[in-house]
Amino acid sequence: VVNEKRPAQLTLAGSGPQADAAQRLASELGVRDRLTVEPWLPADELARRYRKAHVLLAPSGRTRTWVEQFGRMVAEAQTAGAVVVGYASGSLPEVVGEDGLLVPEGDVAALAEAVRTLVDEPMKWTELRRRSFATARTRTWDAIAAGQAELYAEVAAASPRRAKIRPQRADAVAEYGET
């Protein structure tokens with residue numbers, strides 16, 4: 001249902017195989033004029049889009065062969081001041097932390113309710129935005145790379161038997177599915 005008192009614009013950055021379906025659905029719902037589908041954008045233009053956004057939707061869902069590995073868009077959006085609303089999938093709980101709103105993977109109604117909460121409670125949005133900025137200061141690409149290098153050094157130095165870093169195949173399949 002379109003709420004004229006709280007107009008919203010959805011911009012999909014990076015057109016893909018679902019772009020036409022998204023536009024058809026928006027037309028069916030009577031909100032086609034509120035949907036913009038952008039092609040893949042250069043980094044500087046994407047940064048401008050993030051700065052204009054109030055919310056970044058991150059509805060990443062696992063597939064048979066993929067799960068969200070880091071959610072780079074989260075770090076970029078938080079640095080620009082957007083509040084993240086997404087699915088608690090893959091690495092998103094660790095990356096978003098307490099600085100956004102996460103809902104169970106695939107729960108579209110909960111995703112919409114989380115966005116509605118930010119609209120209805122502007123102080124909550126302001127607080128999450130403030131926290132995102134604070135966290136983003138410590139999440140530069142240099143800091144992320146240093147953390148990755150530290151992790152690799154720990155793994156390389158550890159005895160696989162002592163560190164138990166090799167999961168059993170059944171554990172890996174249970175977590176990520178068959179390769």
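1. The protein chain contains nine helices and five strands; helices (H or I, at least four residues) and strands (E, at least two) are DSSP runs, numbered from the N terminus. This is a predicted model, in which local features need pLDDT of at least 70 and side-chain atom pairs count only at pLDDT 80 or more, while totals for chains, interfaces and linings use all residues. Residues are numbered from 1 along each chain as its sequence is written, and side-chain values use heavy atoms, with hydrogens and water left out.

2. Read from the N terminus, the order of elements in the protein chain is β-α-β-α-β-α-β-α-β-α-α-α-α-α. Of its 179 residues, 25% count as buried; buried means under 20% relative accessible area, exposed over 50%, and partly exposed in between (1.4 Å probe, protein chains only). Among contacts in the protein chain with a separation of 6 or more, 60% are accounted for by residues 24 or more positions apart. Contact here means heavy atoms within 4.5 Å.

3. An open sheet is formed by three strands in the order β3-β4-β5, with parallel pairing. Two strands pair if DSSP finds at least two bridges between them. The edges are β3 (55-58) and β5 (101-103), each of which pairs on one side only. From one strand to the next, the twist averages 15°. Strand β4 (residues 83-87) is joined to β5 in the parallel sense over three bridges, and G86 stands opposite L102 in β5.

4. Helix α3 (residues 72-80) and helix α6 (residues 122-137) have axes that come within 8 Å and cross at roughly 110°. Axes are lines fitted to C-alpha atoms, for helices over the stretch in contact, and angles run from 0 to 180 degrees between N-to-C directions. The two helices α3 and α6 are therefore roughly perpendicular to each other, a term for angles of 65 to 115 degrees. On the α3 side the contact is made by Q78, T79 and A80, and on the α6 side by R129, S132, F133 and A136. These residues divide into three nonpolar, three polar and one charged. Ala, Val, Leu, Ile, Met, Phe, Trp, Tyr, Cys and Pro count as nonpolar, Asp, Glu, Lys and Arg as charged, and the others, Gly among them, as polar.

5. Several residues of α3 are buried, namely V74, A75, A77, Q78 and A80. Their cover includes α2 (43-52), β3, β4, α4 (92-96), α6 and α7 (141-157). Just after α3, G81 adopts a positive phi of about 100°.

6. Helix α6 also meets helix α5 (residues 108-120): the axes of α5 and α6 come within 5 Å and cross at roughly 100°. Accordingly, α5 and α6 are roughly perpendicular to each other. T117, L118, V119 and D120 in α5 meet P122, K124, W125 and L128 in α6. By class, the contact of α5 with α6 has five nonpolar, one polar and two charged residues.

7. The loop between β5 and α5 holds E105, which is partly exposed, with a relative accessible area of 32%. Not counting residues up to four places away in sequence, E105 touches S60, G61, R62, Y87, A88 and S89. E105 and G86 lie 19 residues apart in sequence, and 8.2 Å apart in space, C-alpha to C-alpha.

Key:
Parallel < 35°, antiparallel > 145°, perpendicular 65-115°, else oblique.
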